[in-house]
Amino acid sequence: MEKIAIIDFGGQYTHLISRRIRNLGVYSEIYYPEDFQISNEICGIIFSGGPQNVNSKDTFKINFDITKSKVPILGICYGHQLLASILGGKIKSGENTEYGATAVQIDADCRIFNKMKNDQQVWMSHGDYVSSLPKNFKITASSESIKIAAFESDDGRFYGFQFHPEVTHSTNGMQMLDNFLKKCTAIRDWDSKHFKDDLIAKVREKAVGKKLILLLSGGVDSMVALKLCISAVGNENIFSIHVDTGFMRKNESRELKKHFDNLGFQNIKIIDAEKLYLNELEGVVKPEKKRLIIGKLFVDIANDELAKLDAKEDWMLVQGTIYPDTIESGNSKKSAKIKTHHNRVEEIEKLIKAGKIIEPLKELYKDEVRELGTELGLPKFLVQRHPFPGPGLAIRVICSDKIKRDDDFEKEEKKLNEMLLKYGMCGIILPIKSVGVQGDFRTYHHPAVVWFEEKKTPNWQVLKKVSTKIINNLKTVNRLVFSQNKIEKPKLTKLFLEKSNLMELREVDAILRKKTNIIEAIWQMPIVQLPLINDDGKRDYVIRPVCSQDAMSANFYEMDFFYLKNMISEVQKLPNVGDIFYDITTKPPGTIEWE
Ligand code: XMP
């Protein structure tokens with residue numbers, strides 16, 4: 001069978017490229033650069049993105065002479081730079097960074113774009129760029145910041161994209177990949193046929209003669225994992241635990257139990273562990289530390305429950321881990337850690353090594369999990385629920401143990417306001433930090449809040465431009481939020497994971513979700529509590545509605561401004577709620593959650 005080889009240089013999207021190629025009907029396999037050997041079955045090669053700099057001494061190398069390659073090679077992001085560099089081009093760093101939505105002008109007459117419209121929207125995530133081409137290559141796309149956004153060689157063997165055609169937000173990305181495949185093979189015989197039966201068989205094989213214990217977070221993934229396991233080994237062999245961490249949303253654990261009962265799921269134990277979680281997290285501020293404690297507690301609780309059961313040695317732990325959890329936790333050999341998802345903490349890694357874990361969904365993306373859930377007969381309203389992270393609201397409270405700003409933002413704020421001037425906008429940088437992903441690396445920088453000057457009408461086109469421009473140009477800022485009103489510098493306050501704060505966040509979240517749950521385009525909407533208070537001494541929040549398909553890339557939802565204003569007024573009726581900011585950051589450079 002013919003296949004496309006994808007060389008993994010540690011990009012966040014390597015696995016996604018592989019999925020897209022299979023979706024287009026060609027089998028694909030991922031190889032580490034040092035393991036790759038060319039063979040007759042390979043009809044094309046794709047170099048993935050990655051966090052490295054091509055010019056650095058210890059950059060990843062490949063162990064075959066690409067000039068002798070008989071099959072077409074496409075480089076994406078880091079892969080595009082590596083390809084250019086090996087063949088005699090030059091790579092520069094530092095200036096001209098681009099993250100998220102970017103407009104490119106393409107050459108519609110070239111092979112790879114083949115009669116597409118000249119203006120294309122693509123998703124970028126890079127700091128470095130190709131500054132000069134190898135001989136006998138031509139530029140096939142340019143953006144405002146970089147001349148060489150795509151290239152191809154005159155002989156049609158080499159192609160490069162600085163952007164990511166594999167993410168759904170690159171509007172014609174699939175068509176571009178399809179055009180590349182046309183250069184590689186005329187055969188499209190790979191059928192990504194429904195994986196349901198395959199997955200059931202695999203669980204059955206692993207679980208034979210064993211009992212399964214499943215951590216049921218309440219989200220879609222663990223629910224689908226449970227249904228899959230029931231189909232494989234029957235209710236009687238599974239014992240599920242739902243831990244109410246105290247970080248669930250309003251009434252969530254109670255409602256979940258009702259749904260599980262209706263679905264006929266048996267042997268489910270709900271454990272009230274709020275006190276335990278709040279005790280262990282008392283005074284903890286750092287996002288990674290919070291995540292590690294939360295993940296470890298899940299394992300401790302599962303172990304306690306196991307100890308109460310008979311035949312302890314015959315149990316295996318099932319987790320609803322999906323692919324983005326693995327890649328973001330830095331689990332691919334060459335990828336950077338963006339955040340440690342709760343199901344990838346050290347204790348779990350040990351169990352994985354000991355062969356005690358089953359993760360039937362770990363190769364799938366959210367949209368595939370939903371498809372599988374539907375095929376397994378779960379009702380649409382449960383399968384289509386917004387994703388909710390395992391650590392729950394705990395990663396939506398931005399904790400702080402300081403009341404004084406560490407940094408002086410004067411210079412950066414001046415630059416920010418110079419950039420905003422031509423749009424009739426102003427802004428400030430907030431004295432807090434949030435996680436982002438830029439050029440396949442984790443970032444942990446400041447959000448800036450921007451607003452329109454009086455008499456200026458808010459406008460989404462402007463906000464989109466401003467968001468990209470500011471983050472591409474200000475090193476200290478990795479996230480932009482929008483305020484409907486002018487903001488005085490908010491005061492930094494101490495904030496920890498405490499019951500009263502969580503109760504308030506739950507109320508704000510419940511009101512805002514009720515107002516938006518009919519908007520289908522919103523894929524997920526974290527509400528974030530900030531360690532900031534406004535002039536009236538009230539707490540500030542962020543609303544982060546995103547549109548996505550698989551959580552690997554995301555755009556912010558463009559809400560009607562009048563609707564937003566009403567919604568904010570409604571939530572501000574709560575006694576302690578101050579300013580509500582609206583997150584206008586794509587992924588990348590932001591992540592969906594703030595921590
Ligand atoms: P980010 O914030 O990385 O999130 O863009 C991508 C998706 O993953 C969810 N998420 C998690 N889910 N455990 C989970 O089960 C975690 O630790 C975790 N962290 C983020 C997030 O809500 C989004 O849907």
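P588 counts as buried, at a relative accessibility of 3%; buried means under 20% relative accessible area, exposed over 50%, and partly exposed in between (1.4 Å probe, protein chains only). The model is predicted, so local features need pLDDT of at least 70, side-chain atom pairs count only at pLDDT 80 or more, and totals for chains, interfaces and linings use all residues. Residues are numbered from 1 along each chain as its sequence is written, and side-chain values use heavy atoms, with hydrogens and water left out.

P588 sits in the segment after β26. Helices (H or I, at least four residues) and strands (E, at least two) are DSSP runs, numbered from the N terminus. Contact means heavy atoms within 4.5 Å. Not counting residues up to four places away in sequence, P588 touches Y13, Y99, G100, W123, M124, S125 and V437. V233 is 355 residues from P588 in sequence, and their C-alpha atoms are 40 Å apart in space.

The residue K587 lies in the segment after β26 (577-583) as well. K587 is buried, with 5% relative accessibility. Its side chain makes a polar contact of 2.7 Å with the side chain of E328. A polar contact is a pair of N or O atoms within 3.5 Å; within protein, one must be able to donate a hydrogen and the other to accept it, and residues adjacent in sequence count only if both atoms are side-chain atoms. Leaving aside neighbours within four places in sequence, the contacts of K587 include Y13, W123, V437 and A551.

Two peptide bonds in this segment deserve a note. Most residues other than glycine have a negative phi, and most peptide bonds are trans. The bond from K587 to P588 is cis, with omega near -20°. The bond joining P588 and P589 is cis too, and its omega is about 10°. P589 lies in the segment after β26.

Phi of A551 is near 70°. A551 is placed in the loop between β24 (546-548) and β25 (554-556), and it counts as buried at 15% relative accessibility. Phi of K455 is near 75°. K455 is found in the loop between β19 and α14 (460-473). K455 is exposed, with a relative accessible area of 86%.

The strand β19 (residues 441-452) contains W451. W451 is buried, at 6% relative accessibility. Apart from neighbours within four places in sequence, W451 is in contact with residues including G424, M425, C426, S483 and I487. K469 is 18 residues from W451 along the chain, and their C-alpha atoms are separated by 15 Å.

The protein chain is divided into domain 1 (3-184), domain 2 (195-389) and domain 3 (410-583). Domain bounds come from an automatic or database domain assignment. The centres of domain 1 and domain 2, taken over C-alpha atoms, are separated by 36 Å. At their interface, 14 residues of domain 1 are in contact with 13 residues of domain 2.

Strands of a sheet pair through backbone hydrogen bonds, either parallel or antiparallel. Two strands pair if DSSP finds at least two bridges between them.

A150 stands opposite F161 in β11.

A second open sheet has five strands in the order β14-β13-β12-β15-β16, with parallel pairing. Its edges are β14 (268-272) and β16 (357-358), each with a single partner strand, so one side of each is left without a neighbour in the sheet. β12 (residues 211-215) and β15 (residues 315-318) pair in the parallel sense over four bridges. L212 stands opposite M316 in β15.
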